[in-house]
Amino acid sequence: MGSELCRTYWYPLYAYVRRQGYGPHDAQDLTQGFFTRLLEKNYLAQAERQKGRFRSFLLAALKHFLSDERDKAKAQKRGGGQALISLDEQTAENRYRVEPADVMSAEKLFERRWALTLLEQARARLREEYVAAGKAEFYDELKILETGEKNMVTYAQSAVRLGTTESAIKSAVPRLRRRYAELVREEVAHTVNSPSEIDEEIRYLIAVVGS
């Protein structure tokens, strides 16, 4: 755990703050201020010592931070004027605009975005592995087959485009799925304190995404 996880999962926290009723500028300010306090006060060390999921720790810490901030009169105190985590407000707002308007509570939105961010992180790592092996086009083609993005694409068509055999494609898709599952487990492992919690957390996050 650490600042790298914060950089990865800042958007779910930003979305939580926005769903609490804060405008874009205040939400960015508050999210930045939260990370500043988290890192400067070394609260992440507490998360590593305590039992529990990093997801739950961050949300509880953010709620406490927002409560403290409501008691402060001067907004400029937020973050101490430092930017320890780089937030792109335009990117954040573009993402937030497509969130369901009033369907989810702030907590549910946070959990859903946390789960999707984790899956996206695993997917990005998977593509990086293919790119490093000089197989970017191979990955992009397999992803279409694996996710069903284009129902009209067949294994035979993909084989022709990649200059390989249909049998090779049929063998490659399950390997891609297995590697993706392994990377998802690795990402989850970074956010829990014990290997025994990984399967439970995966089941929970899948349920969150599917709800």
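Visitor: What percentage of the 211 residues in the protein chain is buried?

Guide: In this predicted model, buried residues make up 43% of the 211 residues. A residue is given that label if its relative accessible area is under 20%.

Visitor: Why is the pair of phenylalanine 110 and tryptophan 114 called tilted?

Guide: The ring centres lie 5.8 Å apart, and a pair requires centres within 6.5 Å. The planes stand at 45°, whereas stacked would need under 30 degrees and edge-to-face over 60; the pair is therefore tilted. By this rule the count comes to 10 aromatic pairs.

Visitor: Where do phenylalanine 110 and tryptophan 114 lie, and are they buried or exposed?

Guide: Both belong to helix H7, which spans residues 106–132. They are four residues apart, about one turn of the helix, and both are buried. Ring pairs also link Phe110 and Trp114 with Tyr9, Phe54 and Phe57 into a cluster.

Visitor: How do you know that the charged end of arginine 123 sits over the ring of tyrosine 180?

Guide: The charged end is 4.0 Å from the ring centre, and the rule asks for CZ of Arg within 6 Å of the centre and within 35 degrees of the ring normal. The charged end of arginine 123 is accordingly listed as sitting over the ring.

Visitor: Which residues have the most contacts inside the largest nonpolar core?

Guide: They are Phe34, Leu38, Leu58, Leu62 and Val188, in a core of 55 residues. H7 gives the most to this core, with nine residues. Leucine 62 touches Leu13, Tyr16, Val17 and Phe34, leaving aside residues up to four places away in sequence.

Note on methods
Residues numbered from 1 in each chain as written. Predicted model: local features only at pLDDT ≥ 70, side-chain atom pairs only at ≥ 80, totals over all residues. Heavy atoms only, no water. Phe/Tyr/Trp six-rings, centres within 6.5 Å; stacked < 30°, edge-to-face > 60°. Helix = DSSP H or I, 4+ residues; strand = E, 2+ residues; numbered from the N terminus. Buried < 20%, exposed > 50% of the residue type's maximum accessible area, 1.4 Å probe, protein only. Core = buried A, V, L, I, M, F, W, Y, C linked by side-chain atoms within 4.5 Å. Contact = heavy atoms within 4.5 Å.
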